[in-house]
Amino acid sequence: MSSAPALVPVASPPRSSPPWLPTPLLVSQYPMLAHLHSCTSMKQLHQMHANAITSGAIFDNFVASRILSFSALSPYGSLSYARLLFSRLRKPDTFTFNTLLRAYVCGPDPLNAVLFYIDVLNSSALHRPDNHCFALLLKACSEAPSLSLGVMVHAQAIKFGWSSLVSVQNFLVHMYASCGDIGLAKLAFNGIEECDDASVNMMLGGFLKCGCFEGARQLFDEMSERDGITWSVMINGLVQRSRFKEGLEFFRRMLEEKVEPNESVLVNVLNACAHLGAMEQGMWVERYLKGKSIRFSVRVGTALVDMYLKCGCVEKAYEIFARMEEKNVLAWTAMIGGLAINGRGEEALQLFSQMEMEGVSPNDVTFIGVLNACSHAGLVDDGVKYFSSMTEVYGIEPNVQHYCCLVDLYGRCGMLHQAEEVIKKMPMKPNSAVWGALLNSCRIHGNSLLGEVVGKKLIELESNNSGRYVLLSNIYAANGRWENVAELRRVMKERGVTKLPGSSFIDLKGHVYEFVAGDNVHPQSKEIYVMLSVMMKKLMQAGYKANTGEALLGMDEEEKETAVSYHSEKLALAFGLINTEPGTTIRITKNLRVCSDCHTATKMLSKIYDRVFVVRDRGRFHHFKDGICSCNDFW
DNA sequence: GTAGGGTTAG
C-alpha cells in the first residue's frame, strides 16, 4: 500500500451546512428563512412555524417546504411533527410533498415513505406525483428492501406516466437489483433507451446490496467508464457487506488507476482496516491525508481513531484524537469503547468524564463502551452506578445490549447469581447475546452446572451457531466431562453444524495474510513450520504443557497436541517472527476467541522472544508482554 | 425557484 502512486492533490471537500438549513442564497430571497438558522430548540421551531402562519408566509410552498425540511431533518423537530405540519398546508405542491418524502426515506424506516404516499394519494391532496417522487419511493423500497412494495411503486410510476424517464428507470434497476431480483433488474436495465452516468452505478449498487458479488465484479469489469462514484459504490458496498479484503483490493486498484478517493471511500477503507486489523494500510491512509494536508473531518478522524484502537494501537489513537479539531459524541464514543476493548478501563472512564466536562452528551452507544470498560476492568460497583445513571441522569432507556453488558459485568467477576437475577428482572426478553454473556462467565469461573443449563438453552435458541456448542463443549472439557463432550459432538454431527474454522490475519508491509489451522498454502509454508517447531521446542524448555481442553473433539491426546500446535494463531505468530525485525510488535487478528492453549503459549513466547504481541480476538484485545497478558487471563 | 448514484460509531 505504501508504494501506491503519488496522486494529484485536491482540496478537502467543502464543508457544507446541514441539509435542513437553507443556503445563504435562499435566505436572501426569503428573509423569513433566516430564523431557521437560529433555531436551536423545538420550542423555537414551533414559534417559527406559528409566525409563518400568522404572516401568511406558510402559503408560499417554497417557504413551507423549507420549514418542513427543517422540522423533519434537524435535531429540533421530528418526522411526525413534519407530517402534522404538512397536513395543515392548504395546497401543498409536489415539491413540498417530495421534501417530506425525502425525509421519510432518510429516516429510520424508509418504507414509511410509501405509506405516506398512499395516505396522501387517498386524501387527494396531491394532484399528480412527479418523477422525483417515484425516484424517492423506489429508493425507499431498495433500502428496506421490499420487492412487493417496489413492484407496486413501479405500477404507480407507469400509471402516472413516469416509467420511461431515465431518472426513474435508474431507480427501478436499483430497486430490483437491491431486492435480489437480478432478472427483473436486467430487464429494466435493458429497457433504458439512453443510459446516463448513473444507470450502471445504480445496477452495481443493487448487486452489492443483495449480496450478488460475482455479478457486481463482472459488471464492474465490463464497465467502459468508471467515475469516482463507481469506485465509491464498489468499495463502500463491499465493506458494508463485510467483504473487507475485497474492498481493500478495489481501493488499491482505484489508486493504481489514479482516481482520487473521496471522504466516504477513505472512511470505508479505514473501516475495512479496522475489521481486518490491517494497521499498515490504515497508516497509509493517514499518511495520504497528511500528504494532501486534508484536515481531519470528524468522520475521517473518528474512523482513524477507531482503526487504531481496533488494531490495538492505543497511543496512535490518542494522538489522532488529540489532533481532531471537532469532536462529537461519535468520536468520544469510538475512543471510550476502543479503550475498553483494549483493557484500559480506567482511562475509558476518565475520558467519559472529560467528555462531559466539554459539554458533549453521551448517547446509548457511549454507555455500551462505558459498561464494557467497567466489566473488563472488574469495576462492578462503578458499572452498576453508570447503568442506573443512564435513566436517572441522562434519560437514556437501557436496551437489551446494555442489559447484556450488565450481565457480563456481574458474571465476569464471578457474581453469577446477580447476573442471573438481571436476566430474570430485565424488562425485555433476553436475547442470545445476554445468555451468551452468562455462558461465557460460567466458562471463566468453571461453573459447569449453570453453564450446562445456559448452554443448552442457547443451543436451543440458536441451533445453527457452532460457537455455542463449542463453548459448552469447552466447559464440559474443562471439567473432565468427556462423555458429555462426545454427546455434544454427536448432536452437532446429527444437525449438520460444523465448527467455524478459526483463522488469523496478520498485516505485514501493507499485505494482509490469512492463516487457517494446519494450512500449508502459504509460499513460506515450509519455513513457517520449521519456525513453529523451534518455537515449540523453546516453549517446552520453558515448561509449557499443551492445553488440549479446547481442542477438537474425539482425538487422542497426542493428536490433540499436534492440532493445537498448528492453530492459525501460532502459524501467524511464526510467520510474523520470521518476517519482522527483532523487537517489532506483531499484531494478529482472529475471527474467533483465543483458545486457552494459544493464550498460554503466546504469553510465554512474548517473554522468550522479548516481543510485544497484540492479538485481537472476537471480543477484545490481548496485549502480550514479558509473559503476561493485559486481559489478566479473563476473556 | 428543485432533489439522482456512494456516506452514520459498538
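How do the residues of the lining of the largest cavity divide into nonpolar, polar and charged? Keep that question in mind; the answer comes at the second stop. Note before you start that this is a predicted model.

**Stop 1: the whole chain**

Show chain A as a cartoon. Chain A has 33 helices and 6 strands. Its radius of gyration is 28 Å, close to the 26 Å that the globule rule gives for 635 residues, so chain A is as compact as a globular protein of that length. Now turn the view along the principal axes. The C-alpha atoms fill a box of roughly 85 × 60 × 55 Å. Colour by accessibility next. Of the 635 residues, 52% count as buried.

**Stop 2: the largest cavity**

A search of the whole structure turns up 1 cavity of 30 Å³ or more. The largest cavity holds about 40 Å³ of space. Select its lining: Gly 277, Lys 310, Cys 311, Arg 587, Ile 588, Thr 589, Val 614, Arg 616 and Phe 621. Here is the answer to the opening question: 4 of these residues are nonpolar, 2 are polar and 3 are charged.

Now highlight strand E3 (586–590) and strand E4 (613–616). Each supplies at least two residues of this lining. E3 has the largest share, with 3 residues.

**Stop 3: the second largest pocket**

Move to the second largest pocket. Its volume is about 480 Å³. Its lining has 16 residues, and the closest to the centre are Glu 143, His 174, Gly 205, Lys 209 and Val 233. Select those five to find the middle of the pocket.

Which helices supply at least two residues each of this lining? They are helix H8 (131–143), helix H10 (166–178), helix H12 (197–209) and helix H14 (228–240). H12 gives the most to the lining, with 6 residues. By class, the lining divides into 6 nonpolar, 6 polar and 4 charged residues.

**Stop 4: the surface near DNA strand B**

Keep H8, H10, H12 and H14 on screen. Each of them supplies at least two residues of the surface near DNA strand B, and so do helix H6 (94–106), helix H18 (298–310) and helix H22 (364–377). The largest share, 5 residues, comes from H14. This surface has 11 nonpolar, 12 polar and 10 charged residues.

What part of DNA strand B do the atoms within 4 Å of the protein belong to? For 40% of them it is sugar or phosphate, and the rest belong to bases.

- Tyr 30: an N or O atom of its side chain is 2.7 Å from a base nitrogen of DNA strand B.
- His 132: here an N or O atom of the side chain is 3.4 Å from a base nitrogen.
- Asn 262: the distance from a side-chain N or O atom to a base nitrogen is 2.6 Å.

**Stop 5: Glu 260**

Select Glu 260. It lies in the loop between helix H15 (244–256) and helix H16 (263–276). Glu 260 counts as partly exposed because its relative accessibility is 23%. A polar contact of 2.8 Å joins the side chains of Glu 260 and Tyr 288. Glu 260 and Trp 231 are 29 residues apart along the chain, and their C-alpha atoms are separated by 9.7 Å.

**Stop 6: some backbone angles**

Most residues other than glycine have a negative phi, and most peptide bonds are trans.

Start with Pro 145, in the loop between H8 and helix H9 (147–159). The peptide bond from Ala 144 to Pro 145 is cis, with omega near -20°.

Next, select Asp 610, in the loop between helix H33 (596–608) and E4. Asp 610 is not a glycine, yet its phi is positive, about 50°. Is Asp 610 buried or exposed? Asp 610 counts as exposed, at 56% relative accessibility.

Finish at Asp 626, in the loop between strand E5 (621–625) and strand E6 (628–629). Asp 626 also has a positive phi of about 50° without being a glycine. At 45% relative accessibility, Asp 626 counts as partly exposed.

Definitions and conventions:
Residues are numbered from 1 along each chain as its sequence is written. Chains are lettered from A and ligands numbered from 1 in the order in which they are written. This is a predicted model: local features need pLDDT of at least 70, side-chain atom pairs count only at pLDDT 80 or more; totals for chains, interfaces and linings use all residues. Side-chain values use heavy atoms; hydrogens and water are left out. On a 1 Å grid over the protein atoms alone, a cavity is a set of points where a 1.4 Å probe fits but cannot get out, and a pocket is an open set with protein on both sides within 12 Å along at least five of seven lines; lining residues have an atom within 4 Å of a point. Grid points are joined across faces, edges and corners, and a volume is the space filled by probe spheres set on the points. Helices (H or I, at least four residues) and strands (E, at least two) are DSSP runs, numbered from the N terminus. Ala, Val, Leu, Ile, Met, Phe, Trp, Tyr, Cys and Pro count as nonpolar, Asp, Glu, Lys and Arg as charged, and the others, Gly among them, as polar. A residue is near a molecule or strand if one of its heavy atoms lies within 4 Å of it. A polar contact is a pair of N or O atoms within 3.5 Å; within protein, one must be able to donate a hydrogen and the other to accept it, and residues adjacent in sequence count only if both atoms are side-chain atoms. The radius of gyration is taken over C-alpha atoms; the globule rule is 2.2 Å times the number of residues to the power 0.38. Buried means under 20% relative accessible area, exposed over 50%, partly exposed in between (1.4 Å probe, protein chains only).
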